[in-house]
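Have a look at the fold first, then read on.

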Amino acid sequence: MTLFPDTPAFSTASMLRRDQWLIRLRWFAALGLFLGVVLLKTIKLGPPTSIFWMGVAVGVLILLNLVYLIFASDKMRLEMPKLVILLNVQMVMDLLVLTLLVYLTGSEESPLTFFYVFHIILASIIFPGGFSYLYSMLVIILYSSLLLMEHSIYVDHICFFHEIHLADDIRIVIAIWFIVVVTMTVSAYLAQSVTERHRRVREKLEIANQKLQEINQTKTTFFRYASHEMKSPVATVQSTLMVIDDVLGEKIDDRVKDMVRRAISRTKEMIEMLKDLADLTYGNFQERQKFEELDLNAFLAELVSDAQPNIDRKNQIISYQAPEMPCKYFGDSNALNKIFVNLISNAIRYTQDQGEIKVVLKQNSRGYLVVVSDNGSGIPDSEQVNIFKEFYRTPSARKQISEGTGLGLAIVMRMVELHDGSIQVESREGYGSKFTITLPIEENL
Amino acid sequence: MTKKVLIIDDDFDLVEAMRITLEAAGFEVIDAQDGEKGLEKIREDSPDLVLLDVMMTSMDEGFHVAYKIREESAIKDTPIVMLTAVGNQTGFQFDPGKDADFLPVDDFLEKPVNPKKLVDVVRQNIKL
């Protein structure tokens, strides 16, 4: 376990800021203690030797803080491990001084024991997770040792309040009241500073997240317009070329005609690409506006029968297996169409003639499972992580079939995500592929 | 008598490609660059069929033109074939049967326009 995670929250800069904050707090603590000592002396509360040594303790605290201040200055440029050591030294010294003050003010009688709480809160603000427990353990050890030493013969107990009933002396009541007030106020301040910090971080995160979403939206809009703007001229180019090939074909020689046909097939490729790019931006725009109730069973049955001409062309077999009842689903029919048309046509393309393609619809407690499998060429293990990436085509796919945008499965993924679903692929090279789509229906219908 | 086809589309090059195709198939072709001019030509020249682009100055200008044609009693029976953009963004295929209630057109033709299909669709929808 790394005690100090390598995150911005524990960077050198932020640790240094915390160090400087701790030093500022200590000035206030020293000032408060100093005033307390002066007050005790004025109202003649407590044994004079105790008051004297309390004054010395406060003096030591102030001197130490001056030393810390030098180390925390920007000139020192303390780096991470040293900064952490310095912070821990400060915290431990503070606890030792506090324990001394607790001893001087009557140990278990002393209301100053409350002040231990601050140090544990401080430790949790300054250090990562486990440290506040370490410090609470240190506090327990220091306090227990103090009590143990008093009850053994080594240290005499200081009877700060002179064997009187605390409530009888108004000065003592006020002193304890004051300590409680200070404890409450400081706790409130520390707790507030923790939550405030937390809130600020959350706000920053939310703003950053919003910006990212805006940027993503801009990107999507750009893609959408770019692909749209490019489609019209390409479509016109293709229409024109087809007129040359089809209508004016008799007037041109075969070589020209051949070139025109090549040009037509390339424009077709480009149009496919532009369509796919537009599809990739689809979900971002409509979100769930186009969701409607549909029968997934009938929907898939229709897609399978639509695929029949392509299946026949390769002498393949396609089968569809589903429960014999309507399967109500709330989804975007256009997006679902993209998912399954892409998967089925991929299966047809990458499966040899006479191959077999299966589409299975199953219902379980969480929703629907649609499995599209084939006994085609399969996808090597090493390629399976890549196939959902935009523009990625496996080398063997490229070799088998030259056309293809490499966007099909990226579109499938996008459309599945639009339905809060998931997609899994199982495949063995040479034995076939199996794509499993999960479409959840919780809160769907 | 030669049948007259009006093409309403702001893409001049596409209009020319379709003109060549349709003229080769024995149709007379007239054209208009936007919906307004298109409506005027329908009233003046009473074409036997209108090829109407969906997207001209606005995303759905074609639809508005189609509605206007259907609202004018003198021209409301003119067959309309709507030219739709490539995969029209979403890849959704218009189905005249399904969408006839809210789309006042007789048929659809997707860009890029296949010459054979163009002639087929025009022949099917024109009132001979």
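This is a predicted model: local features need pLDDT of at least 70, side-chain atom pairs count only at pLDDT 80 or more; totals for chains, interfaces and linings use all residues.

## The α6/α7 pair in chain A

How do α6(A) and α7(A) run relative to each other? Helix α6 of chain A spans residues 170-246 and helix α7 of chain A spans residues 254-280; their axes come within 9 Å and cross at roughly 160°. Anything over 145 degrees counts as roughly antiparallel, and α6(A) and α7(A) are therefore roughly antiparallel to each other. The crossing of these two is left-handed.

On the α6(A) side, the contact includes A:Phe223, A:Met230, A:Val234, A:Leu241 and A:Ile244. From α7(A), the contributors include A:Val260, A:Ile264, A:Ile271, A:Leu274 and A:Leu277. Charged residues take part too, among them A:Lys231 and A:Asp245 of α6(A) and A:Arg261 of α7(A). Sorted by type, the contact of α6(A) with α7(A) has 16 nonpolar, three polar and five charged residues.

## The five-stranded sheet of chain A

Chain A has an open sheet of five strands in the order β2-β4-β5-β7-β6, and its pairing is mixed. β2 (317-321) and β6 (422-428) of chain A are the edge strands, each with a single partner, so one side of each has no neighbour in the sheet. From one strand to the next, the twist averages 10°.

At one end of the order, β6(A) pairs with strand β7 of chain A (residues 432-440) in the antiparallel sense, over seven bridges. Within that pairing, A:Ile423 sits opposite A:Ile437 of β7(A).

Two helices pack on this sheet. α9(A) touches β2, β4 (356-364), β5 (367-374) and β7 of chain A, and its direction makes about 175° with that of β2(A). α11(A) also packs here, touching β2, β4, β5 and β7 of chain A, with its direction at about 170° to that of β7(A).

## How α9 meets α11

The axes of helix α9 (residues 296-306) and helix α11 (residues 333-349) of chain A come within 11 Å and cross at roughly 45°. α9(A) and α11(A) are therefore oblique to each other, and their crossing is right-handed.

From α9(A), the contact is made by A:Leu296, A:Phe299, A:Leu300, A:Leu303 and A:Val304. α11(A) answers with A:Ser333, A:Leu336, A:Asn337, A:Phe340, A:Val341 and A:Ile344.

## The parallel sheet of chain B

Over in chain B, another open sheet of five strands has the order β2-β1-β3-β4-β5, with parallel pairing. Its edges are β2 (28-32) and β5 (107-110) of chain B; each has a single partner strand, so one side of each is left without a neighbour in the sheet. Ignoring direction, neighbouring strands are turned by 25° against each other on average.

Strand β1 of chain B (residues 4-8) runs parallel to β2(B), and five bridges join them. B:Val5 has B:Val29 in β2(B) as its bridge partner. Helix α2 of chain B (residues 35-45) packs on the sheet, touching β1, β2 and β3 (49-53) of chain B, and its direction makes about 165° with that of β1(B).

Note on methods. Residues are numbered from 1 along each chain as its sequence is written. Chains are lettered from A and ligands numbered from 1 in the order in which they are written. Side-chain values use heavy atoms; hydrogens and water are left out. Axes are lines fitted to C-alpha atoms, for helices over the stretch in contact, and angles run from 0 to 180 degrees between N-to-C directions. Helices (H or I, at least four residues) and strands (E, at least two) are DSSP runs, numbered from the N terminus. Angles under 35 degrees count as roughly parallel, over 145 as roughly antiparallel, 65 to 115 as roughly perpendicular and the rest as oblique. A crossing is left-handed if the near helix is turned anticlockwise from the far one by less than a right angle, and right-handed if clockwise. Contact means heavy atoms within 4.5 Å. Two strands pair if DSSP finds at least two bridges between them.
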